[in-house]
Amino acid sequence: MSARHRIIVQAAAAAFAVLGAWSAPAAASPLDARFDAFVARLKPQAVAAGVSPATFDRAFRGLKVDQEAIAKSQYQPEFRTTMAQYVDTRVSDTRVAAGRQNYEQWKDTLARLERSTGVDRYVILSVWGMETNYGASMGNHNVIEALATLACCQTRRPEFFRKELIAALQILQQGHVSPENMIGSWAGAMGHTQFMPTSFKAYAADYNGDGKRDIWTSIPDALASTANYLKKHGWRSGYSWGYEVTPGGSRRVDGGALPAAASKRFAPVGPNGPTFMLTGNFRVIKRYNNADSYALAVGHLADRIRGGGPIRTPWPNHDKPLEEQERFELQALLARRGFAVGEPDGKIGPATREAIMSYQQAQGLAPDGYAGVSLLRRLRTAR
């Protein structure tokens with residue numbers, strides 16, 4: 001074999017060695033193929049709804065199945081928080097303090113919105129606090145990708161998500177936001193105050209007059225959108241959502257007069273727990289999220305930001321939630337016992353709740369995942 005031939009053979013062998021180390025891209029999964037077929041079928045429907053082919057193509061460029069959206073849509077929680085746990089967690093001292101800080105920053109905007117819509121400025125602010133913790137947790141999902149995944153690739157309410165997806169594409173067509181900045185939750189709720197696309201189309205507002213209803217980066221637009229939503233759903237100006245009253249009676253616990261509009265008694269945990277007399281505005285808050293616990297938390301957070309105190313009547317058999325330093329301690333104690341909580345951060349997220357439930361199951365306790373004072377005491381004394 002000539003030297004030249006030998007060099008050629010060696011080069012070829014090296015090339016084949018490189019090729020041998022390289023593997024062809026994996027074939028698309030059935031779910032990927034299903035997603036692509038769905039997008040292809042959707043395009044003419046979107047175009048018929050006023051979405052240009054260019055807008056559609058840009059919106060879907062590079063998108064794929066959102067596996068997290070599928071997982072969360074199928075997730076069935078192993079526990080349910082009680083009314084007391086829900087309200088205490090969401091109307092924490094930290095969230096109240098942050099609400100008061102944001103009120104100082106946005107009080108002029110909120111005052112103008114209250115004058116123009118009649119909606120209580122503190123309730124507007126409270127919805128923002130409840131939905132995204134004043135913009136700190138708006139979600140990190142591409143809304144088009146998440147909605148397309150839910151419309152295509154899971155079994156719960158696919159037509160609902162397809163309708164929301166078409167609405168989201170129409171929002172892009174109107175130029176309110178770019179596809180890259182249309183970020184929201186895994187279920188498609190968007191922006192500072194978490195509007196679904198169809199709600200955005202019906203109620204979102206352009207407060208600053210720039211021609212865009214920008215609930216992602218314009219806090220005034222987001223607050224105005226929430227005020228408009230509550231107004232259009234029947235908020236009555238000049239009335240609260242409700243008032244805490246003495247259990248078994250109709251006297252306000254703060255000694256104030258009870259207006260005639262507060263005519264519906266609400267005792268969420270029975271006659272021995274906190275009791276409220278509600279106005280019709282409580283029902284209006286539920287149009288944002290149809291749960292009594294949510295509406296009570298929004299109303300109570302609004303009152304706390306305004307300067308009111310905690311709910312007076314104790315919740316029966318309620319295990320108080322932990323303060324921030326106690327949450328750090330809880331996570332450290334769980335980790336020391338081999339339960340995976342991740343890096344302790346003082347926040348009770350999914351990993352910590354799973355660790356709590358695992359610990360509770362190991363101890364023969366009800367696995368409710370709740371980070372309360374009694375759990376911390378048990379961990380402190382456990383061997």
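Is Cys152 buried or exposed? Cys152 counts as buried, because its relative accessibility is 8%, and buried means under 20%. The views below come from a predicted model.

**View 1. A disulfide joins Cys152 to Cys153.** The two sulfur atoms lie 2.5 Å apart. The count of disulfides comes to 1. The link of Cys152 and Cys153 is right-handed, with 55° about the S-S bond. Cys153 is buried, with a relative accessible area of 8%. Cys152 is buried too, at 8% relative accessibility.

**View 2. The largest nonpolar core has 86 residues.** Helix H8, residues 143-153, gives the most to this core. Its share is 9 residues. The residues with the most contacts inside the core are Phe60, Ile144, Leu165, Leu169, Met182 and Leu296.

**View 3. Ile144 and its contacts from elsewhere in the sequence.** Neighbours within four places in sequence are left aside here. Ile144 then touches Ala59, Phe60 and Leu63, among others. Its contacts also include Leu165, Ala168, Leu169 and Leu172. Met182 is in contact with Ile144 as well. Ile144 is one of the residues with the most contacts inside the largest nonpolar core.

**View 4. A second, separate core has 14 residues.** Leu330, Leu334, Phe339 and Ala371 are among them.

**View 5. The second largest pocket holds about 440 Å³ of space.** Its lining counts 22 residues. Closest to the pocket centre are Glu244, Arg252, Asp254, Asp303 and Gly308. Strand S3 (242-245) and helix H13 (292-306) are the elements that give two or more residues to the lining. The largest share, 5 residues, comes from H13. By class, the lining has 8 nonpolar, 6 polar and 8 charged residues.

**View 6. Asp345 lies in the loop between helix H14 and helix H15.** H14 covers residues 324-336, and H15 covers residues 350-362. Asp345 is partly exposed, with a relative accessible area of 38%. Beyond its neighbours within four places in sequence, Asp345 is in contact with Phe328 and Gln331. Glu329 is 16 residues from Asp345 in sequence. In space, the C-alpha atoms of Asp345 and Glu329 are 9.8 Å apart.

**View 7. Arg157 has a positive phi although it is not a glycine.** The phi value is about 50°. Arg157 is found in the loop between H8 and helix H9. H9 runs over residues 158-173.

**View 8. Gln194 has a positive phi in a residue other than glycine.** Its phi is near 55°. Gln194 lies in the loop between strand S2 (183-184) and helix H10 (197-203). Is Gln194 buried or exposed? Gln194 counts as buried, because its relative accessibility is 13%, and the limit for buried is under 20%.

Note on methods. Residues numbered from 1 in each chain as written. Predicted model: local features only at pLDDT ≥ 70, side-chain atom pairs only at ≥ 80, totals over all residues. Heavy atoms only, no water. Core = buried A, V, L, I, M, F, W, Y, C linked by side-chain atoms within 4.5 Å. Buried < 20%, exposed > 50% of the residue type's maximum accessible area, 1.4 Å probe, protein only. Helix = DSSP H or I, 4+ residues; strand = E, 2+ residues; numbered from the N terminus. Contact = heavy atoms within 4.5 Å. 1 Å grid on protein atoms, 1.4 Å probe; cavity = no way out; pocket = protein on both sides within 12 Å on 5 of 7 lines; lining within 4 Å. Points joined across faces, edges and corners; volume = space filled by probe spheres on them. Nonpolar A, V, L, I, M, F, W, Y, C, P; charged D, E, K, R; others polar. Disulfide = S-S within 2.5 Å.
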